[in-house]
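Please take a moment with the sequence and the model shown here before reading on. The paragraphs that follow go from one local detail to the way the chains meet.

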Amino acid sequence: MTLSILIWLPLAIALIISQVPRPWVGRAAAIGSLVTLGVAISFLARFKLGHAGLQFVTDRVWISALGIHYKLGLDGLNIALIMLTTILFSAALIWASFREWDRPRVFYFHFGLAESSVLGAFCAQDLALFIAFFDLMLIPFYFLIGMWGSGERVRATTKLVVYTLVGSFFMLAAAIATGVLASDQHNTSLNFALSALAHLPLSRTSQEWIFLCFAVAFLVKMPLVPFHGWLADGYKSMPIPAVAVFSGVIAKVAAYGFLRVVLPLFPYASVHFQTLMLLIALVSILYGTSMAFTTPDARLVVAYSSVAQLAFITLGIFSLRPQGGQGALLQMVNHGLVTAPLFFIVAALAARCGGSEALRDMGGIAFRAPVLASLFMIVALATLAMPGSANFIGEFFILLGVFRAKLAIAIIAFIGVVGAAYYALRVFISAMHNRVGPTVGSREIGFLDLSGLVPLVGVVLVLAFYPQFILKRTQPSLQAAIAPAQALSGGGANPTGPFTASRTSP
Amino acid sequence: VSVTTSAWLVLLFPLLGTIVISAGYALLPGRLAGWIGTTAIGLAFVFSVITLITILGKSPDHRQFTSSLWDYAFSAGVDAKLQILVDPLSVFMILVVSGVSTMIHLYSVTYMTADRGFNRYFAYLNYFVLSMLLLVLAGNFVILIIGWAFVGAASYILISFWYRRTTATRAGIKAFVINVVGDVGLVLGTFFLFKHTGTVDFLKTFAEVDHVFAHNATDLVVACLLLLVGAFAKSAQVPLHTWLPDAMEGPTPVSALIHAATMVTAGVYLIARMHSLFEQAPTAADVGAIGGCLTMLLAATIALVQVDIKRVIAYSTMSQIGYMIMAVCVGAYAAGLFHLMTHAFFKALLFMAAGSIIGAMAGVQSLDRMGGFRKALPFTFACFLIGGLALSGLPPFSGWLSKDDILAFLDHRGGGFLILGIAGYFGAFLTGLYTFRMIFRAFLGDPVPEARELEEGHLHHADVPRNPMTGEEEDSDVGFPGPGHYIAEREWPMKVAMSVLAVGAVAAGVLEIPGVDRGVEKFLDPTFADSALSRRVPSTKADWIGLVIGALIAVGAVAVAYLVWVRRTQLAPALQKRFAAVYTFLWNKWYFDELIDVLVVRPSLWFGRVANSVLEPIVVSGAITNGTVSVVRAGSAAVRRLQTGFLRYYAAAIVVGMSGVALYFLISST
């Protein structure tokens with residue numbers, strides 16, 4: 001079984017179910033997503049540990065004149081993210097399938113298209129193919145906001161389109177330049193395969209501007225400050241299952257892009273702009289955290305906490321240390337696994353207080369809903385990266401990496417750790433505890449909501465006991481991806497020291 | 001069973017208890033959840049004893065065992081396994097923790113009966129004990145931090161157990177956030193150590209310390225100071241102490257648990273566990289000792305003027321923990337841990353007795369409203385008196401031997417430590433004063449109506465319970481204080497729990513009598529074998545001189561208290577008026593809450609509000625977003641059409657094109 005099947009299966013299923021009778025479309029889409037999850041698990045089961053290189057490689061020439069390959073592969077960088085994607089899409093579609101949607105066939109088709117393109121972006125091993133999937137994956141979300149969104153959906157769509165198109169424009173230019181300049185500077189034929197490009201390092205000046213172009217595209221997508229202008233409206237308008245996968249997965253593609261494309265191809269520029277990137281991440285942590293402190297809307301608390309969390313991930317990546325990269329990769333999975341449940345919970349809360357997502361309309365919901373309260377508690381504690389959750393291990397590794405790279409930045413970043421404790425508990429307490437709000441009707445969470453929520457919380461708990469499951473699968477590839485930049489940044493100066501030695505468990 | 005197997009079982013039973021009670025929260029009838037919880041912790045105690053017996057069977061040089069279940073985070077140089085370390089220190093701690101916690105569970109079975117959250121309560125309580133046991137058994141920094149944070153989370157959910165009270169939720173979040181500050185200290189401290197040792201394992205770290213760090217090396221001092229941040233946050237030492245008095249919002253047995261067996265002792269344990277680091281970084285150790293001393297005095301002075309009976313005991317805890325922190329920072333490990341144990345007994349006892357009075361008062365906690373309960377609550381009075389005598393350090397009670405053990409060591413080290421020792425004796429005087437102020441005001445004097453009713457055999461019930469802090473009507477939907485409330489005189493589980501602890505408070509001192517036996521010290525010796533400081537123990541004669549001085553001070557304090565609050569009752573109000581400024585200062589707890597509010601809380605919330613109301617709409621939405629939009633708009637007409645009407649066609653073209661290509665490759669690649 002090749003990776004092509006995994007990638008195109010969701011789209012194929014989406015096309016098939018568009019022929020299914022209307023009442024059954026949701027059910028069929030949910031089952032289809034579980035089939036995709038099964039396929040992903042089969043890849044996980046066959047994934048060999050201890051290898052840095054690609055596995056399950058598919059490599060065909062796509063456009064020979066341009067040197068573009070249809071090349072797919074799995075390694076430690078994307079195996080965990082593939083799992084995250086299929087899990088989150090399953091949860092979101094199961095959640096969605098119990099609800100009524102306008103034009104359900106088109107609705108579920110967009111989800112299928114989104115899942116296919118995200119999986120494609122994660123698996124792509126050719127720069128042009130990566131860009132194609134990266135842009136493709138936004139299209140279904142334009143429609144999901146524009147057609148099924150709520151509130152200020154027109155404004156939200158416009159903002160999202162403008163931001164992402166500008167980002168995509170930069171990235172497209174950068175990608176073309178990468179291929180063309182690499183072939184120019186080394187006198188080889190045009191080739192966009194990442195493995196080939198990695199052996200054709202660009203000159204320093206080219207690296208610098210290309211790096212900045214990629215950075216803009218990725219930072220918009222995450223988003224980090226000051227590229228987050230679309231965030232509030234976008235997250236607020238998206239239907240819940242769409243925002244769950246958007247925040248859970250799409251944002252990770254951007255972080256993944258740094259690890260897959262930027263660090264290996266532009267190591268010099270990564271070192272050159274390391275401080276800049278760390279500072280952007282640091283500002284985003286502080287800014288996202290203080291926004292989450294005070295925003296009056298439950299969904300926006302989750303949105304701004306995502307800014308802070310993705311900033312932590314960026315911080316880890318640009319520590320240019322193996323610890324930081326490991327933490328970032330683990331945290332991508334962790335954050336996806338907590339942010340999606342949080343959006344489902346926000347939906348459940350809104351259903352209990354007259355549809356409002358404002359915190360002041362909530363309060364005292366825990367009374368008749370102990371199961372909902374417990375699930376919310378677990379997810380909130382994982383969000384604030386309480387030790388004992390895998391999120392803590394992610395943050396621990398990230399901060400350890402930054403600590404080794406730039407001590408002062410690590411120390412300031414710890415403010416974000418304390419702040420997370422406050423905003424996570426704030427949203428929990430104002431929703432579940434204190435006096436009962438005037439429009440609150442507390443009732444236990446039903447099977448419909450549990451179906452999407454419980455599996456995700458289950459995965460969170462399993463990873464809490466055994467984060468090593470992800471760490472040991474990702475370590476070799478991660479170290480290989482970071483190595484060029486790390487060597488340049490001086491982090492590899494002492495190969496026998498504890499910070500560079502790759503200790504593997506016996 | 002081997003030492004480590006039984007230690008794992010100590011962890012397993014509270015874990016099972018937590019899982020069983022939470023899974024069956026809706027099904028478990030009556031008091032069953034309470035009994036399950038008590039049994040779980042009781043079994044943990046049984047296995048702690050088994051661990052003790054097996055470890056005593058080994059030769060003193062071979063009493064250190066590690067065991068790991070699986071790799072927890074073993075990557076990129078970090079070597080964290082799910083690992084425990086069993087040595088005399090951790091065995092000592094699990095004995096105290098599980099032993100006292102069992103009694104607190106037993107007491108709670110009755111005390112919380114009428115609460116609607118009964119099952120929830122016991123799930124939390126089991127989790128709390130599990131966290132503390134994990135903390136003291138941890139074999140590396142990562143697991144230690146996990147136990148550390150679990151304790152913080154458990155205290156949060158128990159402090160805000162009555163979650164409809166806004167005071168309780170506010171106290172809970174405060175405790176949690178301050179504890180996260182402590183966690184951060186611990187994590188950063190770990191980073192500083194890891195930078196040099198390359199390991200998070202305890203034993204490897206301790207073995208490396210002397211090689212990789214020079215005496216008082218900067219990074220080591222910084223690391224130790226950061227560990228102290230963790231210790232101070234958890235042990236409620238100045239300036240990270242403000243959560244502790246507010247934590248009294250939780251049910252009274254929870255206060256007993258936090259103050260006696262778990263949580264606040266964690267800082268003391270941490271410093272004792274890290275003694276090889278602190279001895280190599282004496283600067284940090286001295287800072288810790290001074291911090292402990294300050295807290296000891298500050299809390300004792302505040303306790304003198306507070307009127308909430310639980311808060312007085314809470315400040316007393318802070319003060320007593322100050323003694324322990326001083327002890328373990330100067331090298332008196334055995335003395336500090338011995339005091340930790342005796343304190344666990346008499347402080348749990350005091351809280352339980354206070355809970356009994358509060359039960360009789362139908363939830364009222366103010367000393368101003370109490371009085372004359374001596375006849376109405378004879379058993380409670382006896383227990384409170386025993387606890388108070390032990391706390392004040394009167395011979396022959398356990399607190400006398402343990403506290404003076406610490407002070408004798410301080411005096412023996414001489415120099416600046418002598419000042420700490422003298423401050424300790426002054427603190428002891430204050431301790432006697434505030435303890436007996438509390439006892440005399442609650443139990444002597446004219447009986448209040450509640451006490452009279454009780455003497456006639458009726459238990460007073462409040463018509464409408466009100467929150468003493470805000471005057472809000474209590475929301476008894478979540479059970480505060482519940483339709484029924486209980487006093488020790490009428491309920492055997494409370495009585496049994498208190499009796500056991502009373503015996504401990506009286507007699508635990510026999511374990512460590514200078515010149516007779518040195519049980520605790522001898523048992524703990526293998527853990528501290530590498531410590532130079534712990535060898536510098538005072539002579540038996542010096543110990544006994546210290547004990548005599550301590551006894552005299554305690555007797556003097558009780559006598560003064562008797563004079564002020566029983567014989568000449570007009571004296572206290574007169575003093576209060578005469579020294580109004582001092583009184584206000586102490587009443588407001590040295591203004592620490594206000595200080596933190598001004599320095600930390602307000603600025604961060606202010607920034608958040610500015611970000612939300614100014615930066616976001618004007619800068620981000622206005623300048624950046626609209627700027628980008630207009631730049632794009634001002635671009636070519638094609639671009640404009642692209643992002644308005646033609647977007648769908650553009651999108652559709654991409655979809656169709658990509659799908660076609662994909663289909664082609666799908667077919668050709670399989």
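For the complex, the predictor gives an ipTM of 0.90 and a pTM of 0.90. Chain B has a mean pLDDT of 84, with 90% of its residues reaching 70 or more, but over residues 636-642 of chain B the pLDDT stays under 50, and for that stretch the model has 7 contacts beyond four places in sequence. Where pLDDT is low, the predicted coordinates should not be read in detail.

How much area do chain B and chain A bury between them? The value is about 7300 Å², and 75% of it lies on carbon and sulfur atoms. Several elements of chain B each supply at least two residues of the side that touches chain A, namely strand 1 (65-75), strand 2 (78-86), helix 5 (141-159), helix 6 (166-197), helix 25 (592-634) and helix 27 (647-669). Of these, helix 25 of chain B gives the most to that side, with 17 residues. Sorted by class, the side of chain B that touches chain A has 46 nonpolar, 17 polar and 16 charged residues. In terms of residues, the contact takes 79 from chain B and 90 from chain A.

As for specific pairings across the interface of chain B and chain A, 7 residue pairs are found in polar contact, with both residues at pLDDT 80 or more, while the count of salt bridges between chain B and chain A is 0.

Over all chains, however, the count comes to 21 salt bridges. One of the salt bridges in the model joins B:Lys204 and B:Asp79, whose closest N and O atoms are 3.9 Å apart. This pair links distant parts of the chain, with B:Lys204 in helix 7 (residues 202-212) of chain B and B:Asp79 in strand 2 of chain B, 125 residues apart. Side chains of opposite charge can pair when their charged atoms come close.

Methods
Residues are numbered from 1 along each chain as its sequence is written. Chains are lettered from A and ligands numbered from 1 in the order in which they are written. Side-chain values use heavy atoms; hydrogens and water are left out. pLDDT is the predictor's confidence in each residue, from 0 to 100. Contact means heavy atoms within 4.5 Å. Buried area is the accessible area (1.4 Å probe) that two parts lose on being put together, summed over both. A salt bridge is a side-chain nitrogen of Lys or Arg within 4 Å of a carboxyl oxygen of Asp or Glu. A polar contact is a pair of N or O atoms within 3.5 Å; within protein, one must be able to donate a hydrogen and the other to accept it, and residues adjacent in sequence count only if both atoms are side-chain atoms. Helices (H or I, at least four residues) and strands (E, at least two) are DSSP runs, numbered from the N terminus. Ala, Val, Leu, Ile, Met, Phe, Trp, Tyr, Cys and Pro count as nonpolar, Asp, Glu, Lys and Arg as charged, and the others, Gly among them, as polar.
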